[in-house]
Amino acid sequence: MTSPYDETTDPDVRVARLERALVEHDGILIAELDGFLAALWLLPQEAPAGKWLPIVFGWGKDETYQGDSAADIELAKLIADHYNGVGFELRSGAYSPVYMAPDDEADDEVIWQPWAQGFGAAVGEFSEGFESLVAAETEAGEAFRMLVALIGVAMEDPDVAEDMGEENMAELAAAAPDLITECVYALYDAKLETSGALQPRTVTSVGRNDPCTCGSGKKFKKCCGAGE
């Protein structure tokens, strides 16, 4: 069964469906997932779903978690749908990071930290793919280092706080919502320049008893759908 992703679907509708499923899953936040998936699209080489889907499913779960319920199969489809949606939006210049809304409706603060934490989780899991950017004296290198700094601010890393100082951290946090979008596009544009026009790729999702998309030969419920 393929992902139900449709380019004509309102992104807000897609995100709302996924957020409801993630809440039931009681694991990763929608903003964390969006940051994680955005990072995957910036990797020089594609990360197969078999590498990252178990990470998403195991987020916040204990070692006994199996991830083979009907609800989890549906969640896998929605995750694939959003992954494909993020890719389409990056290609079309319409990507906008998913941030969290404050609990108080009167508060206009943008809660960007979960997105940064999700992005940071992907960087940690696939660090080799980003190594070339760590010290690169390019716009993409600067964008990557800015995102790493924002990850440190979001995680309240004491080393970042010591290096930057409270005032600089506060200024960076205030600018974060716009900076994140700018940095993501700087990295994506650099990827296009180095690899040429990217062919659209999609992730498919399967039924619980179908072969897993990672190619292991196992059933989905015994492989990527089983969590970590």
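Which residues of H1 are buried? The close-ups below start there, after a word on the model. This is a predicted model, where local features need pLDDT of at least 70, side-chain atom pairs count only at pLDDT 80 or more, and totals for chains, interfaces and linings use all residues. Residues are numbered from 1 along each chain as its sequence is written, and side-chain values use heavy atoms, with hydrogens and water left out.

**View 1. The whole protein is built from nine helices and zero strands.** Helices (H or I, at least four residues) and strands (E, at least two) are DSSP runs, numbered from the N terminus. Of the 228 residues, 46% count as buried; buried means under 20% relative accessible area, exposed over 50%, and partly exposed in between, with a 1.4 Å probe and protein chains only.

View 2. To pick up the opening question, the buried residues of H1 are Arg14, Val15, Leu18, Ala21, Leu22 and His25. They sit on the same side of H1 because they cover an arc of only 130° around the axis, the arc being that of the directions from the helix axis to the C-beta atoms. Their cover includes helices H2 (30–42), H3 (49–58) and H4 (70–92).

**View 3. Now for the two ends of H1.** At its start, a side-chain oxygen of aspartate 10 comes to within 2.8 Å of the backbone nitrogen of aspartate 12. After H1 comes aspartate 26, with a positive phi near 60°.

**View 4. Isoleucine 79 sits among the residues with the most contacts inside the largest nonpolar core.** Such a core is a set of buried Ala, Val, Leu, Ile, Met, Phe, Trp, Tyr and Cys residues joined through side-chain atoms within 4.5 Å. This one has 64 residues, and Phe36, Leu40 and Trp52 are also on that most-contacts list. H9 gives the core its largest share, twelve residues. Leaving out residues up to four places away in sequence, isoleucine 79 touches Leu18, Leu33, Leu37, Trp52, Leu53, Val56 and Phe57; a contact means heavy atoms within 4.5 Å.

**View 5. Aspartate 157 lies in the loop between helix H7 (139–154) and helix H8 (158–164).** Aspartate 157 counts as partly exposed because its relative accessibility is 28%. A polar atom of its side chain lies 2.8 Å from the backbone nitrogen of aspartate 159.

Key
Polar contact = N/O pair within 3.5 Å; in protein donor to acceptor, adjacent residues only side chain to side chain.
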